[in-house]
Amino acid sequence: MVYETERKIELKIERNRIRVTIFHGEDEQVIKLNLEEARGLREELDKVIEDYSQRKQIRID
């Protein structure tokens with residue numbers, strides 16, 4: 001039996017935090033980041049995405 005779970009990421013601005021909610025089907029996980037943490041996450045994501053893109057272009061014969 002195969003179950004498909006929908007994944008969704010939602011971002012909201014609270015008073016002094018950025019709220020990241022990740023939905024996995026019926027489950028959810030909430031992470032609250034301050035501005036410095038959010039910027040650090042953005043930088044790390046940029047690095048990982050760039051690395052991933054470069055690795056996809058490498059052809060191994």
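**Strands, helix and pocket**

Modeller: Ile 18 lies in strand 2. The model is a predicted one.

Biologist: Is Ile 18 buried, partly exposed or exposed?

Modeller: The relative accessibility of Ile 18 is 26%. Buried would require under 20% and exposed over 50%. Ile 18 falls in between, so the class is partly exposed.

Biologist: How far apart in space are Ile 18 and Leu 33, C-alpha to C-alpha?

Modeller: In sequence, Ile 18 and Leu 33 are 15 residues apart. Both are in the lining of the largest pocket.

Biologist: In what order do the elements of the protein chain run from the N terminus?

Modeller: The protein chain has one helix and three strands. Read from the N terminus on, the order is β-β-β-α.

Biologist: Which element gives the most to the lining of the largest pocket?

Modeller: The lining includes Ile 9, Leu 11, Ile 18 and Val 20, along with Leu 33, Ala 38, Leu 41 and Leu 45. Strand 1 (7–13), strand 2 (18–24) and helix 1 (35–57) each supply at least two of the lining residues. With three residues, the element that gives the most is helix 1.

Biologist: How many residues of the pocket lining are nonpolar, and how much space lies in the largest pocket?

Modeller: By class, the lining has no polar and no charged residues, and the nonpolar count is eight. The space in this largest pocket is about 150 Å³.

Biologist: Is Leu 11 buried or exposed?

Modeller: Leu 11 lies in strand 1 and is one of the residues lining the largest pocket. Its relative accessible area is 61%. The cut-off for exposed is over 50%, so Leu 11 counts as exposed.

Biologist: How far apart in space are Leu 11 and Ile 22, C-alpha to C-alpha?

Modeller: Leu 11 and Ile 22 are eleven residues apart in sequence. In space, C-alpha to C-alpha, the value is 8.9 Å.

**Surface and salt bridges**

Biologist: What accessible area do Leu 41, Leu 45 and Ile 49 have together?

Modeller: Leu 41 and Leu 45 line the largest pocket, and the place of Ile 49 is in helix 1. Leu 41, Leu 45 and Ile 49 form a nonpolar patch on the surface. Together their accessible area is about 270 Å².

Biologist: What percentage of the residues in the protein chain is buried?

Modeller: To count as buried, a residue needs under 20% relative accessible area. The protein chain has 61 residues, and the buried part of them is 8%.

Biologist: Which residues are linked with Glu 10 in a network of salt bridges?

Modeller: Side chains of opposite charge can pair when their charged atoms come close. The side chains of Glu 10 and Lys 8 meet at 3.7 Å, N to O, and those of Glu 10 and Lys 12 at 3.6 Å, N to O. The residues linked with Glu 10 in the network are therefore Lys 8 and Lys 12.

Biologist: Is Glu 10 buried, partly exposed or exposed?

Modeller: Lys 8 has a relative accessible area of 41%, and Lys 12 is at 46% relative accessibility. Glu 10 is at 24% relative accessibility. Buried means under 20%, so Glu 10 is partly exposed.

Biologist: How many residues apart in sequence are the parts tied together by Lys 32 and Glu 14?

Modeller: Lys 32 forms a salt bridge with Glu 14, with 3.8 Å between the closest N and O atoms. Lys 32 is in strand 3 (residues 27–33) and Glu 14 in the loop between strand 1 and strand 2, so the parts that the pair ties together are apart in sequence by 18 residues.

Biologist: How many salt bridges are found in the whole structure?

Modeller: The pair of Lys 32 and Glu 14 is a salt bridge, and so are the pairs that Glu 10 makes with Lys 8 and Lys 12. A search of the whole structure gives a total of six.

Notes
Residues numbered from 1 in each chain as written. Predicted model: local features only at pLDDT ≥ 70, side-chain atom pairs only at ≥ 80, totals over all residues. Heavy atoms only, no water. 1 Å grid on protein atoms, 1.4 Å probe; cavity = no way out; pocket = protein on both sides within 12 Å on 5 of 7 lines; lining within 4 Å. Points joined across faces, edges and corners; volume = space filled by probe spheres on them. Helix = DSSP H or I, 4+ residues; strand = E, 2+ residues; numbered from the N terminus. Nonpolar A, V, L, I, M, F, W, Y, C, P; charged D, E, K, R; others polar. Patch = residues over 30% accessible without salt bridge, like charges linked within 9 Å, V, L, I, M, F, W, Y side chains within 5 Å. Areas by Shrake-Rupley, 256 points an atom, 1.4 Å probe, with all protein chains shown as cover. Salt bridge = Lys/Arg side-chain N within 4 Å of Asp/Glu carboxyl O. Buried < 20%, exposed > 50% of the residue type's maximum accessible area, 1.4 Å probe, protein only.
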